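I am keeping these notes while I look through one structure, step by step. My plan is to go from the whole chain to single residues.

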Amino acid sequence: MKELEERIVRDGKVFQGEVLKVDSFLNHQIDPMLLEQMGKEWHRLFKGERVDKVLTIEASGIAMAAFVAKEFGVPLLFAKKNKTSNISDNVYVTDVESFTHGRTYKVQVSKEYLHAGERVLIIDDFLATGNALIGLINLCKQAGAEVVGLGCSVEKDFQNGGRMLRDMGYRVECLARIKSMDPVAGIEFVH
Ligand code: 5GP
């Protein structure tokens with residue numbers, strides 16, 4: 001998506017360790033006009049599918065996933081990061097290894113809001129190794145829900161999560177795909 005790529009080039013900051021910061025429009029301060037366009041783009045890509053629910057993970061995925069859910073006219077459900085070791089019987093829970101923080105954490109959704117047979121579109125901000133998306137897929141599997149597809153705003157192609165998920169048979173639609181990035185040389189996109 002041209003507008004997103006241009007924004008990444010203009011306002012994104014590349015850090016050592018293969019991390020791109022987009023705090024000025026996506027991860028801290030939010031540009032609702034850009035996110036609305038992104039929501040429309042995912043709707044265009046997936047509108048041939050029946051989507052009953054959009055699923056994301058707190059916190060950064062919530063804003064953009066809300067725009068996607070609005071386009072489809074369906075609810076948005078976000079998985080919560082579990083901060084305590086108390087797991088109730090009423091939740092589906094899975095482990096996610098964090099790329100940016102280098103530790104494993106638990107994410108959960110209430111059984112009340114994810115059901116067998118529901119068709120779920122999963123949305124997140126970044127696709128790196130694919131662990132966050134695998135966690136969300138696991139929650140859907142536990143519920144017996146069907147994953148329609150996966151959408152990420154930024155895919156870092158060189159980290160292979162996208163390849164793994166596509167090899168597993170999932171449809172993955174990322175709005176900006178980064179081929180390479182470097183604090184000095186800048187960012188190159190896949191087209
Ligand atoms: P994965 O699980 O695919 O390795 O990483 C995805 C998760 O890690 C995303 O939910 C995102 O929060 C975080 N992440 C991965 N790479 C980046 C990055 O380059 N920049 C930012 N801001 N977050 C990232």
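I began with contacts, where contact means heavy atoms within 4.5 Å, and I found that among those in the protein between residues at least 6 apart in sequence, 61% join residues at least 24 apart. I must keep in mind that this is a predicted model, in which local features need pLDDT of at least 70 and side-chain atom pairs count only at pLDDT 80 or more, while totals for chains, interfaces and linings use all residues. I also note that residues are numbered from 1 along each chain as its sequence is written, and that side-chain values use heavy atoms, with hydrogens and water left out.

Next I looked up the secondary structure, and the protein has six helices and ten strands; these are DSSP runs, numbered from the N terminus, with helices (H or I) of at least four residues and strands (E) of at least two. I then checked burial, and 47% of the 191 residues of the protein count as buried, where buried means under 20% relative accessible area, exposed over 50% and partly exposed in between, with a 1.4 Å probe and protein chains only.

Which residues of helix 1 are buried? In this helix, residues 2–11, I found Leu4, Glu5, Arg7 and Ile8 to be buried. Seen down the helix axis, the buried residues fall within an arc of 165° (taken from the directions from the axis to the C-beta atoms), so they line one face of helix 1. Lys2, Val9 and Arg10 are exposed on the other side of helix 1. I listed what covers the buried residues, and the cover includes helix 3 (32–46), strand 8 (146–156) and strand 9 (172–182).

I turned to Val54, which is found in strand 3 (residues 53–57) and counts as buried at 0% relative accessibility. Leaving out residues up to four places away in sequence, I saw that Val54 touches several residues, among them Ala65, Val68, Leu77 and Ile123.

A cis peptide bond, with omega about 0°, joins Glu58 and Ala59, and Ala59 lies in the loop between strand 3 and helix 4 (60–72). Glu18, in the loop between strand 1 (13–15) and strand 2, has a positive phi near 65° and is partly exposed at 41% relative accessibility. Asn160 has a positive phi near 75°, lies in the loop between strand 8 and helix 6 (161–167), and is partly exposed with a relative accessible area of 35%.
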